[in-house]
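Me: I would like to learn how to read a protein structure, feature by feature. Could you go through one with me?

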Amino acid sequence: MLYYLYEYLTAHGIHVPGMNLFKYISFRAAMAVLFSLIIALAYGKRIINFLRRKQMGELVRDLGLEGQKQKEGTPTMGGLIIILATIIPVLLFTRITNVYIVLLIISVLWMGAIGFLDDYLKKVKKNKDGLSGKFKVIGQVGLGLIVGVTMYFHPDIEVKRKYADATVINRNNVEKNFMEDERIPVSTVPFTKNNEFDYSGILFWMDDAEAHEWAWIVFIPIVIFIVTAVSNGANITDGIDGLAAGTSAVILLTLAFFAYVSGNIIFADYLNIMFLPHMGETTIFALALVGAVIGFFWYNTYPAQIFMGDTGSLMLGGVIAVLAIILRKELLIPVLCGVFLIENLSVILQVMVFKYRKKKYGLEYAQNNRLFKMSPLHHHYQKEGFHESKIVNRMIIIGVMLAIICLITLKTR
């Protein structure tokens, strides 16, 4: 809104001192992260007290974990803090008609609503199972469908790829180093020399024109799978104080950097990566979300004053997935979201090994010889005697290392 106010005033010859700064993405991004952090810190305590008055406390199942019962009654639905602290700065500082911003706002509200409904059923309606798993998946598939269709068919979503001999073509006018705008389902392949992957290549039995026409059949299901997988991964990771928030902040900060360099033609030329027109605005969104998550993290560190609940975890996972997809960096997700991945895999492996040993050796043997003492993985380390804070800090460090590996991919190919 403030950007449009700047445009309106400038168009009418009204010059307010300092208002000219709003034309710079870097300034608006800095203001967005500052505002989101202040909103989360200032209103976080009020939201916590409100949820406590409404008796939205967590009911903790006795899993035999140290300090577990002390958490009973801690307010949940803390994702509301993150959503509020993200949406306000985004509305203030971005061009809200930008197609990417619209997609990301829809993602926040869509997944936030699904998570809120789950938390609401658990806390208000006293339904211990909350929203049925199949309805969560339907919601995730719905968002994936919206994102996939928009990314493939929307006329404003284009890429500019560099000519193979771009350095020879022009070193002074970088725009001449790039081809014309293309509407193609292409992604970045990390650690490879020719690091662009066109989804139409999967339809190898078709000729090029036909493959590009029907590539949506492959692209949209892959987008749906990514949104569902990452959203569930973040949800599973949200099991101890600060873990999901801390690791998500690292991931989002990395995606914000990718958004900035991909949306700036000078950096895109220097780094020899795809230039994504109109992508710069998503830097503002990503940093606003970083500020909101860090502000929430203030209240979520051990011992947590509030839990994010499914309202926050499903939303964060969904938005991270959508950000990676629109940035054409979805193939980096297994590395960038490595903590989410190992948490997810620990649950899958635990179930698979248990079923195998139960079938082969019997129930008693399977119960006494589990792969992990408890899944997800963070609970295994709790059973091993590690304190929550140590587990969280070390997983955040791992997340930082994985983020650095992803940043290295910009030049390592």
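Me: Which residues form a nonpolar patch on the surface?

Reply: Let us first settle what we are looking at. This is a predicted model, in which local features need pLDDT of at least 70 and side-chain atom pairs count only at pLDDT 80 or more, while totals for chains, interfaces and linings use all residues. Residues are numbered from 1 along each chain as its sequence is written, and side-chain values use heavy atoms, with hydrogens and water left out.

Now the general idea: in soluble globular proteins, nonpolar side chains tend to be buried together. A patch is made of residues with over 30% relative accessible area and no salt bridge, with like charges joined within 9 Å and nonpolar side chains (Val, Leu, Ile, Met, Phe, Trp, Tyr) within 5 Å. Here the nonpolar patch consists of Leu145, Val149, Phe153, Trp214, Trp216 and Ile217, with about 520 Å² of accessible area together. Such areas come from the Shrake-Rupley method with a 1.4 Å probe, and for residues only the protein chains shown count as cover.

Me: Which helix gives the largest share of the nonpolar patch?

Reply: Helices (H or I, at least four residues) and strands (E, at least two) are DSSP runs, numbered from the N terminus. Helix α5 provides the largest share, three residues. Both α5 (133-153) and α8 (216-237) supply at least two residues of the patch. Phe153 belongs to α5.

Me: What about the inside: which residues have the most contacts in the largest nonpolar core?

Reply: A nonpolar core is a set of buried Ala, Val, Leu, Ile, Met, Phe, Trp, Tyr and Cys residues joined through side-chain atoms within 4.5 Å. The largest one here has 115 residues, and Ile82, Met151, Leu255 and Ile326 have the most contacts inside it. Helix α9 (residues 243-262) contributes the most to this core, 12 residues.

For contact, look for heavy atoms within 4.5 Å. Setting aside residues up to four places away in sequence, Ile82 touches several residues, among them Leu289, Val293, Phe296 and Met315. Thr86, in helix α3 (residues 79-93), is buried because its relative accessibility is 1%. Beyond its neighbours within four places in sequence, Thr86 is in contact with Phe285, Ala288, Leu289 and Ala292.

Me: How many disulfides does a search of the whole structure find?

Reply: A disulfide is a covalent bond between the sulfur atoms of two cysteines. To find one, we look for a pair of cysteine sulfur atoms within 2.5 Å. The search of the whole structure gives zero. Cys337 is in no disulfide, and the nearest cysteine sulfur, that of Cys406, is 8.2 Å away. Cys337 counts as buried because its relative accessible area is 3%, and Cys406 is buried too, at 0%.

Me: Where is there a cis peptide bond?

Reply: Most residues other than glycine have a negative phi, and most peptide bonds are trans. A cis bond joins Tyr302 and Pro303, with omega about -10°. Pro303 sits in the loop between α11 (281-300) and α12 (309-326). Another cis bond runs from Ser375 to Pro376, with omega near 0°.

Me: How many salt bridges does the structure hold?

Reply: A salt bridge is a side-chain nitrogen of Lys or Arg within 4 Å of a carboxyl oxygen of Asp or Glu. The structure holds 11 of them. In one, Glu281 pairs with Arg95, with the closest N and O atoms 3.7 Å apart. This pair links distant parts of the chain, 186 residues apart: Glu281 is in helix α11, and Arg95 is in the loop between α3 and α4 (99-123). Glu281 is buried, because its relative accessibility is 4%, whereas Arg95 is partly exposed at 35%.

Me: Which residues are linked in a network of salt bridges?

Reply: Asp118, Lys122, Lys136 and Asp310 are linked that way.

How values were computed: Buried means under 20% relative accessible area, exposed over 50%, partly exposed in between (1.4 Å probe, protein chains only).
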